[in-house]
Amino acid sequence: MKLRTKALALAMTAAAGISLAAPAAARDTISIVGSSTVYPFATVVAERFGSNTEFNTPKLESTGSGGGMKLFCQGIGTQHPDISNASRRMKTSEFELCQKNGVTDITEFRIGSDGIVIASSKDAENLNLTLQQLFLALGEKVPVDGKWVANPNKNWSDIDAGLPNKPIRVMGPPPTSGTRDSFNELALAAGCDKLPEAKDLSKDEHKATCESIREDGAFIEAGENDNLIVQKLISDTGMYGVFGFSFLEENADRLQAATLDGMVPTAEDIAADKYPVARSLFFYVKKAHVGVVPGIAEYVGEFASNSALGQNGYLKDVGLIVPPRDQLAVLMDKAENMPNLTIDELK
């Protein structure tokens, strides 16, 4: 069944629900919210979609993964977004919020991979860090003489004499960002786990201690616009930044990446999950809006196409680490059939 036909079939069961649940002005443009990391890739798809089809170019907002999920899960109706981008998987709590608010039919698309990097200006002193050292630099509490205390490390050299004798100053995303969630889990918690004192933490203590970033000025929240971090790094050689690998590639002539656990990030190592801070990228579709807001199924079909996500696709050209061929085939099937995401898949 072609996507256009599938869209109309889904619309027959969805339209009445939208009109009854939340009457709103008709909307003829797809509304997309969510991750700042996925934003540039989705923008490229949206612009091509708007240029090459009869549909309007979708409207995108970079709200962060958490902010996007909150908006996406508020309800059914054209006053709510149709699609939410995310630089980490939907949380079970977000899925439950969606269900509570009537957003019961959701399809998940894993569009590829990205890595989180610690970057700096090429004029700055580059960092060669272990994840343990990174945690000792940015963790809210660190062990001193066997006790967890407020992080006392002021300079990088306080952690290891081989690191720069410069203040720890790192810009990164806010708590609403999927990049922040992934960084906390994949970088900070992984570094914390290498400390012997972490073994004595309970599950709740582990999350509170190992995934909490210090708030004394060493870590500076930079909002959802990763380009602002890039500009700051270029103008300040004492600053380091946390963002996705794609932004590093876009600015490879001006920025460099720190070595983490002996690895400099490359597309090949991120795709193979060898780089220690690699993560997957997603978008989520509200099926009740398919066929009600024109073009959703067709936009999804474009995103999941070989021309976009193939090994020679245009998204690879702009820095996305695209899925292997077998995973792309799964995405194409999802675009055709829109299977419902279940909470068991998220656990």
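These notes cover the predicted model shown above, from the whole chain down to single residues.

1. Basis. The model is predicted, with local features needing pLDDT of at least 70, side-chain atom pairs counting only at pLDDT 80 or more, and totals for chains, interfaces and linings using all residues. Residues are numbered from 1 along each chain as its sequence is written, and side-chain values use heavy atoms, with hydrogens and water left out.

2. Confidence. The average pLDDT (the predictor's confidence in each residue, from 0 to 100) is 91 for the chain, and 93% of the residues score at least 70. The stretch 1-24 falls below 50, yet has 37 contacts in the model beyond near neighbours in sequence; a contact means heavy atoms within 4.5 Å. Where pLDDT is low, the predicted coordinates should not be read in detail.

3. Secondary structure and overall form. The chain holds 15 helices and 13 strands. These are DSSP runs numbered from the N terminus, helices being H or I with at least four residues and strands E with at least two. The radius of gyration is 21 Å, close to the 20 Å that the globule rule gives for 347 residues, so the chain is as compact as a globular protein of that length. The radius is taken over C-alpha atoms, and the rule is 2.2 Å times the number of residues to the power 0.38. Along the principal axes, the C-alpha trace spans about 65 × 45 × 35 Å.

4. Of the 347 residues, 55% count as buried (buried is under 20% relative accessible area, exposed over 50%, partly exposed in between; 1.4 Å probe, protein chains only). The accessible surface comes to about 15000 Å², with 49% belonging to carbon and sulfur atoms; areas come from the Shrake-Rupley method with a 1.4 Å probe, and for residues only the protein chains shown count as cover. Among contacts between residues at least 6 apart in sequence, 74% join residues at least 24 apart.

5. Charges. There are 34 positive and 45 negative charges, and their mean positions are 2 Å apart. Lys and Arg count as positive, Asp and Glu as negative, while His and the chain ends are not counted. Each charge is placed at NZ of Lys, CZ of Arg, CG of Asp or CD of Glu.

6. Ile229 sits in helix H8 (residues 226-235) and is buried at 0% relative accessibility. Not counting residues up to four places away in sequence, Ile229 touches Met171, Gly172, Ala222, Gly241, Val242 and Phe243. Its C-alpha is separated by 12 Å from that of Val117, 112 residues apart along the chain. Ser246 belongs to helix H9 (residues 245-250) and is buried at 1%. Neighbours within four places aside, Ser246 contacts Phe41, Asp114 and Gly319.

7. The S6-S7 loop. Asp145 lies between strand S6 (141-144) and strand S7 (147-150), and Gly146 is in the loop between S6 and S7. Asp145 is exposed at 79% relative accessible area, and Gly146 is exposed at 52%. Phi of Asp145 is near 55°, a positive value in a residue other than glycine.

8. Asp261, not a glycine, has a phi of about 50°. Asp261 is in the loop between strand S12 (259-260) and helix H10 (267-271), and is partly exposed at 34%.
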